[in-house]
Amino acid sequence: MRQKNTKVKRFFWEKCKKAFDKQGINRYNISCTTMKQGIIMLLRLSKIMDTPDSVVPFETALDLHDMQFGSNCPVTEPVAAKGLVKNTAGVLLLEAELKTVLHGICDRCASPFEREVVVPVRAVLTAQLQNEDEADEWTFLLQDDAADLDEILTTAFVLNMDSKLLCKPSCKGLCCRCGKNLNDGPCSCRPEADPRLAVLGQLLKDK
């Protein structure tokens, strides 16, 4: 473990900001404690940089328990990461899979839930950038021929999170009038009348 230097921290933050800006809004209030903790996990790649088709496997875990998404910190369990870096025609490609279980509060029905998430990761690693402004969020700089797994995997996890934390994709939410959880069945509220038919309804009532 080593402390990140100022340049690496700045590049990490600029990358996250640039990725979120592409979505139009900053979707999450990410905990600064996690992103600025200064811990770095380096994967040494010097032995494959000049050897096409060579591979370096890796397996690690991320601690993101204090990372905030909306009003929740749902990543209370370690995020298991397993993958490899391969030299493909001189280009270093990182491929990995992240797995964890979210423990959160559904943004739609307000019920607590546990849900497994699996995040695929695919990134390009490079020793230098021709133009930092043109690099996308899936291009990462090497540091002394080593990949910063903390930066890469944390960025991938954040960018792959859904814009809403739901107990399940088909969550029906709460009735806007009585507040009943519609996942448990329909409520007793009568359907709202079409306002375009209100005048007709009044005429029938007058008769």
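Two strands pair if DSSP finds at least two bridges between them. Helices (H or I, at least four residues) and strands (E, at least two) are DSSP runs, numbered from the N terminus. The model is predicted: local features need pLDDT of at least 70, side-chain atom pairs count only at pLDDT 80 or more, and totals for chains, interfaces and linings use all residues. Residues are numbered from 1 along each chain as its sequence is written, and side-chain values use heavy atoms, without hydrogens and water.

**Sheet.** In E8, Leu141 is the bridge partner of Thr126. E7 and E8 run in the parallel sense, paired over 3 bridges. They belong to an open sheet of 5 strands in the order E4-E5-E6-E7-E8, with mixed pairing. E4 and E8 are the edge strands, each pairing on one side only. H3 packs on this sheet and touches E4, E5, E6, E7 and E8 (contact: heavy atoms within 4.5 Å).

**Core.** A nonpolar core is a set of buried Ala, Val, Leu, Ile, Met, Phe, Trp, Tyr and Cys residues joined through side-chain atoms within 4.5 Å; buried means under 20% relative accessible area (1.4 Å probe, protein chains only). The largest has 40 residues, of which Leu45, Val85, Leu94, Leu125 and Phe157 touch the most other members.

Not counting residues up to four places away in sequence, Val85 touches residues including Leu45, Phe58, Leu94 and Leu125.

Conventions:
Buried means under 20% relative accessible area, exposed over 50%, partly exposed in between (1.4 Å probe, protein chains only). Axes are lines fitted to C-alpha atoms, for helices over the stretch in contact, and angles run from 0 to 180 degrees between N-to-C directions.
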